[in-house]
Amino acid sequence: MIRPATVHDVPRISEIINSHAELGRMLFKSYAQLYESLRDFAVFERDGQVLGCTALAIIWADLAEVRSLAVDDAARGQGIGRNLTEWCIAEARRLQIRRLMSLTYEQGFFEKLGFVVVDKDTLPLKVWSDCVRCPKRDGCDEIAMVRTLHDVPVIDAAAAPPTPRGVSIPVLQYVDD
Ligand SMILES: CC(C)(COP(=O)(O)OP(=O)(O)OC[C@H]1O[C@@H](n2cnc3c(N)ncnc32)[C@H](O)[C@@H]1OP(=O)(O)O)[C@@H](O)C(=O)NCCC(=O)NCCS
């Protein structure tokens, strides 16, 4: 079963994500980062045990990012990653967000879920805000992949209007497919 995450899930989410992070498969997440973005998270639970997690982060009106997708090593290959990604897709559809993206080393997995490889330079600059925390920021070897939900209407999204005060992160256009 997939359900929204609660604060009780944070230690287990941290354990699963960071066990993969130690092997260089994904970015480490601190408790602070997990609490901060907990509303983005869903977990896969079976017989009372959380076996996987994912988060869907909204980037812009027409783009959401699949983040922190991780399955307990002992439970990989049982369709849990697919279920969690399908939750992200359903959530993007509910929010009427037409595109999902992922930065990943798991190209084959995401291809099975309908994602295609795109040039990293075509993604909006805002996507890279996490890179400051990444040890590989100067030599990023992740693959950028996108899935378009063709049943979700195209939105005439504003670009990045200047704010009267403060600094806004520029959002560059990406190439349409
Ligand atoms: C990537 C990951 C989430 C996949 O989860 P999983 O539960 O093992 O995958 P599933 O069992 O749902 O696999 C779904 C399909 O993808 C295929 N697949 C899984 N990993 C694959 C890979 N590396 N290459 C090609 N195909 C793959 C499966 O064979 C399956 O195909 P099928 O539906 O035709 O049988 C999991 O391996 C994981 O946690 N990896 C480490 C963390 C990570 O890299 N996360 C991604 C960050 S973006």
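Trainee: What makes a residue part of the lining of the largest pocket, and which residues lie nearest its centre?

Mentor: In this predicted model, a lining residue has an atom within 4 Å of a grid point of the pocket. By that criterion the largest pocket is lined by 43 residues, and Arg-25, Met-26, Leu-69, Leu-103 and Thr-104 are those nearest its centre. The pocket has a volume of about 1000 Å³.

Trainee: Which elements of secondary structure supply the lining of the largest pocket?

Mentor: At least two residues each come from α1 (10-21), β4, α3, β5 and α4. The greatest contribution to this lining is made by β4, with seven residues.

Trainee: How do the lining residues of the largest pocket divide by class?

Mentor: The lining has 20 nonpolar, ten polar and 13 charged residues. Gly counts as polar in this division.

Trainee: How do you know where the ligand sits?

Mentor: A molecule is assigned to a pocket if more than half of its atoms lie within 2 Å of the pocket's grid points. The space that the ligand takes is the largest pocket.

Trainee: Which residues of the shell come nearest the ligand, and which elements supply that shell?

Mentor: There are 21 residues around the ligand, and Arg-76, Gly-79, Gly-81, Arg-82 and Glu-106 come nearest. The elements β4 (63-71), α3 (80-95), β5 (99-104) and α4 (107-112) each provide at least two residues of the shell. In this shell α4 gives the most, with four residues. By class, the shell comprises eight nonpolar, eight polar and five charged residues.

Trainee: How much of the ligand does the protein bury?

Mentor: The ligand taken alone exposes 930 Å², and the protein buries 73% of that area.

Methods:
Residues are numbered from 1 along each chain as its sequence is written. This is a predicted model: local features need pLDDT of at least 70, side-chain atom pairs count only at pLDDT 80 or more; totals for chains, interfaces and linings use all residues. Side-chain values use heavy atoms; hydrogens and water are left out. A residue is near a molecule or strand if one of its heavy atoms lies within 4 Å of it. Accessible areas come from the Shrake-Rupley method with a 1.4 Å probe; for residues, only the protein chains shown count as cover. On a 1 Å grid over the protein atoms alone, a cavity is a set of points where a 1.4 Å probe fits but cannot get out, and a pocket is an open set with protein on both sides within 12 Å along at least five of seven lines; lining residues have an atom within 4 Å of a point. Grid points are joined across faces, edges and corners, and a volume is the space filled by probe spheres set on the points.
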